[in-house]
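User: I would like to learn how to read a model like this one, feature by feature. Please show me the structure and start with a single residue.

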Amino acid sequence: MPRSYVAEARKHVGPKRARIRPIIERLAIEHQDAAIALAFRSPLELLVSVMLSAQTTDVNVNRVTATLFEKYHAPEDYLAVTPEELERDIYATGFFRQKARSLRGTMRMLIEEFDGEVPATLEELVRLPGVARKTANVVAAELGRAQGVVVDTHVRRLSQRLGLTKQEDPVKIERDLMKLVPREDWARFPHLLIWHGRRVCDARRPACERCVVSDLCPSSRV
Ligand code: SF4
């Protein structure tokens, strides 16, 4: 049983199938600006930004890519420099060796198998070196081709607190959410939970008293 469940008193709020639409509608009104926080101008910049965002903040990634994208425009550019130079250019995002290796492998595959373009299917995206399902989901969703639901730490915590899943494993949580969330909302739903998580439903101190879905939330303290 997830900790967030055990720790908080459960309220009777009705079945999740009946709650999901009002939850989405209210959060969409509350967080109209909910969108990806990474700065990018092309599918390639999106892919690179998402790959660099592992284990660091979006703000940090944007700081690094502001200069990076002035220098690297096409997949070939990432292979035209030495691995050490690329490592230096992305150093501030952390795990720079591993990320540089993944970027170079990905660029090579983009050139060799995808005509230098970023593919939009999950199946193809996860073949790219260093691109796991979460990264692939984020990229596909931003390209307008959501094929799953992104599950990060906020989505996991809020889905559990809202009683939308009892799972702990992100893959199983995603499976539950894909069954529950209408397909047309797969792309924006994670953004709504992420922004609600940052602004209201904090990991340690959820502000239930000013939460727009508190009457729909089994974990509400009000
Ligand atoms: S802040 Fe809202 S979503 Fe989070 S536990 Fe409280 S009522 Fe539930």
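Analyst: E142 is partly exposed, because its relative accessible area is 27% and that class covers values between buried (under 20%) and exposed (over 50%), taken with a 1.4 Å probe on protein chains only. This is a predicted model, in which local features need pLDDT of at least 70, side-chain atom pairs count only at pLDDT 80 or more, and totals for chains, interfaces and linings use all residues. Residues are numbered from 1 along each chain as its sequence is written, and side-chain values use heavy atoms, with hydrogens and water left out.

User: In which helix is the place of E142?

Analyst: Helices are DSSP runs of H or I with at least four residues, strands are E runs of at least two, and both are numbered from the N terminus. E142 has its place in helix α9.

User: By what distance are the C-alpha atoms of E142 and R188 separated?

Analyst: The separation is 9.4 Å, for two residues 46 apart along the chain. K179 belongs to helix α11, residues 170-180, and counts as exposed at 57% relative accessibility.

User: How many residues apart in sequence are L38 and P22, and how far apart in space?

Analyst: They are 16 residues apart in sequence, with 28 Å from C-alpha to C-alpha. L38 is found in the loop between α2 (16-30) and α3 and counts as buried, because its relative accessibility is 8%. For T56 and E168 the values are 112 residues in sequence and 22 Å in space, again C-alpha to C-alpha. T56 is in the loop between α3 and α4 and is partly exposed at 23%.

User: Now a whole helix. Is α10 largely enclosed or exposed?

Analyst: Helix α10 (residues 153-161) has 7 of its 9 residues buried, so the rest of the structure largely encloses this helix. The buried residues are H154, V155, R157, L158, S159, Q160 and R161.

User: Which residue caps the N-terminal end of α10?

Analyst: A polar contact is a pair of N or O atoms within 3.5 Å; within protein, one must be able to donate a hydrogen and the other to accept it, and residues adjacent in sequence count only if both atoms are side-chain atoms. Here the cap is D152, with a side-chain oxygen 3.0 Å from the backbone nitrogen of H154. Just after the helix, G163 takes a positive phi of about 70 degrees.

User: How is empty space found?

Analyst: Rolling a probe the size of a water molecule over the atoms shows where empty space is left. On a 1 Å grid over the protein atoms alone, a cavity is a set of points where a 1.4 Å probe fits but cannot get out, and a pocket is an open set with protein on both sides within 12 Å along at least five of seven lines; lining residues have an atom within 4 Å of a point. Grid points are joined across faces, edges and corners, and a volume is the space filled by probe spheres set on the points. The largest pocket has a volume of about 920 Å³. Its lining has 34 residues, with V50, S53, A54, D58 and K134 nearest the centre. Elements giving two or more residues to this lining include α3 (43-52), α4 (58-71), α9 (133-142) and α12 (188-199).

User: How many cavities of 30 Å³ or more are there in the whole structure?

Analyst: The search finds 1. The largest cavity holds about 130 Å³ of space and is lined by 16 residues, with R161, C201, C208, C211 and C217 nearest its centre.

User: Where does the ligand sit?

Analyst: The ligand sits in the largest cavity, where sitting requires more than half of its atoms within 2 Å of the grid points. The residues around the ligand (a heavy atom within 4 Å) are R161, L162, C201, P206, C208, C211, S214, C217 and S220. This shell divides into 6 nonpolar, 2 polar and 1 charged; Ala, Val, Leu, Ile, Met, Phe, Trp, Tyr, Cys and Pro count as nonpolar, Asp, Glu, Lys and Arg as charged, and the others, Gly among them, as polar.
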